[in-house]
Amino acid sequence: MEEDLSNRNFVVLLAVVAVAALNQGMLLPLLATLLEDEGISSSLNGLNAASLYLGILAVTPLCGPMVRRFGYRRVMVAGLMVTIFSLFSFPVWKGFSSWFLLRFLVGVGDCALQYAAQLWITSDSPRHLRGRRISLYGLAFGIGFGIGPLGINLLAWGDAVPFWVMGFLLCGVFFGVNRLKEAKPVILPGKERGRRKVPRIYRWAFVALCPAFVYGFLEASLSGSFPIYGLREGLDTAWVSVLISAFLYGSLLFQVPLGVLSDRWGRRLVLGGTCLFGAVGMASIPAVMGNAVLLLVLFTLIGGLLGSLYSLGLAYMADLLPQEYLPEANALANVHFAVGCMTGPYAGGLLIQSVGGGGLFYLISATLFTFVLLTVFQRKPAVRETSSHTESV
């Protein structure tokens with residue numbers, strides 16, 4: 001881009017991310033509750049929830065070409081329109097099949113919206129501010145996602161009210177996005193465009209793509225499998241929800257400090273260090289399951305360390321790659337995150353069933369430690385060549 005992302009645009013993008021996360025955080029428990037009231041089994045309820053991630057996976061390969069052709073703002077507007085339409089349709093078209101399709105559309109709209117916003121931030125933020133800005137992106141998402149479940153309380157005024165409230169919030173964001181000046185990512189000229197791009201991204205920035213998968217795996221495993229383990233260990237439902245919330249809000253405490261540290265010390269060092277301590281903490285949880293206070297402290301600290309994995313991974317990816325490659329790289333990060341979200345609960349459930357609940361945390365710990373080894377043995381990236389420049393990473 002010719003100039004860095006302005007502060008005004010950055011604030012608008014943070015608002016977009018926060019409201020989109022608020023929507024996602026509300027829909028997951030809200031629809032699960034409404035489907036449960038309709039007598040839908042837990043397995044089908046989970047299948048319905050997976051449709052959102054299927055929507056993300058379906059549209060992700062198209063996001064890069066769309067942003068290049070139409071620009072950030074138009075893709076965000078399109079994503080908002082799809083999401084707003086879906087929200088206002090939930091109270092009208094009820095039932096498992098209808099909600100499966102509508103949640104799929106929400107995944108499509110949310111992916112387009114979040115993709116364009118995060119790509120705009122990562123591409124156009126100066127390197128010395130990139131970690132801080134990406135951490136603020138993660139903070140905005142975390143705050144929105146954390147507040148989202150409170151939308152269930154709106155059911156007291158009617159089943160349609162939560163959808164209406166969220167729909168009108170997104171309409172407000174829609175008008176803010178419409179006022180942004182259009183911009184597009186850097187485009188490779190001629191034959192260079194699209195040629196061997198994905199293999200190059202993996203060769204140059206494989207380690208930077210891993211945190212998206214690890215974070216999706218971690219988050220979905222805790223949300224989907226830990227309640228089963230906790231209840232079997234004698235924790236009540238309220239305490240299980242407190243522990244999961246502690247992990248989430250712990251991540252908000254250290255988002256910005258870790259982003260600032262990564263600007264100073266380097267992204268690889270901060271990512272490796274946080275995952276090392278996080279792996280030790282995860283492996284310690286089965287040993288303290290009988291102590292509620294220690295569990296609360298551990299979940300808060302581990303959440304603080306690991307809650308920035310996704311945002312720091314995006315910043316590291318932007319450090320390693322030429323700007324021309326960021327649209328495809330961000331799309332790959334979204335795919336890694338979605339795959340982690342889909343495989344985490346399944347793998348965790350299998351381990352709980354076969355070897356006991358402690359296996360869930362040992363698996364997460366092993367995954368984190370594997371990533372630490374990747375950062376330690378990562379070879380110095382080779383000189384990268386593009387059609388527009390050649391530079392050493």
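At 67% relative accessibility, Q353 counts as exposed (over 50%; buried is under 20%, partly exposed in between; 1.4 Å probe, protein chains only). The model is predicted, with residues numbered from 1 along each chain as its sequence is written, and local features need pLDDT of at least 70. Side-chain atom pairs count only at pLDDT 80 or more, totals for chains, interfaces and linings use all residues, and side-chain values use heavy atoms, without hydrogens or water.

**Exercise 1.** Locate Q353 and state how far its C-alpha lies from that of Y229.

Solution. Step 1: the element that holds Q353 is helix α12 (helices are DSSP runs of H or I, at least four residues; strands of E, at least two; numbered from the N terminus). Step 2: 124 residues separate Q353 from Y229 in sequence, while their C-alpha atoms are 9.7 Å apart in space.

**Exercise 2.** Decide whether N330 is buried or exposed, and list its contacts beyond four places in sequence.

Solution. Step 1: N330 belongs to helix α12, which runs over residues 326-354. Step 2: the relative accessibility of N330 is 0%, so N330 counts as buried. Step 3: with neighbours within four places in sequence left aside, N330 is in contact (heavy atoms within 4.5 Å) with Y115, Q118, L119, T122, L314 and M317.

**Exercise 3.** Describe how α4 packs on α12, giving the angle, the residues that meet and their classes.

Solution. Step 1: helix α4 covers residues 96-124, and its axis comes within 10 Å of the axis of α12, crossing at roughly 130° (axes are fitted to C-alpha atoms over the stretch in contact; angles run from 0 to 180 degrees between N-to-C directions). Step 2: α4 is therefore oblique to α12 (under 35 degrees is roughly parallel, over 145 roughly antiparallel, 65 to 115 roughly perpendicular, the rest oblique). Step 3: from α4 come C111, Y115, Q118, L119, T122 and S123; from α12 come L326, P327, E328, N330, A331 and N334. Step 4: by class, this contact of α4 with α12 has six nonpolar, five polar and one charged residues (Ala, Val, Leu, Ile, Met, Phe, Trp, Tyr, Cys and Pro are nonpolar; Asp, Glu, Lys and Arg charged; the others, Gly among them, polar).

**Exercise 4.** Find the relative direction of α9 and α13 and describe their contact.

Solution. Step 1: α9 (residues 267-284) and α13 (residues 358-376) pack at about 155°, with axes 8 Å apart. Step 2: the two helices are therefore roughly antiparallel. Step 3: α9 supplies R268, L271, G272, C275, L276, G278, A279, M282 and A283, which meet F361, Y362, I364, S365, L368, F369, F371, V372 and T375 of α13. Step 4: this contact of α9 with α13 holds 13 nonpolar, four polar and one charged residues.

**Exercise 5.** How many helices and strands does the protein have, and what share of its residues counts as buried?

Solution. Step 1: there are 13 helices and two strands. Step 2: 54% of the 393 residues count as buried. Step 3: among contacts with a separation of 6 or more, 84% involve residues 24 or more positions apart.
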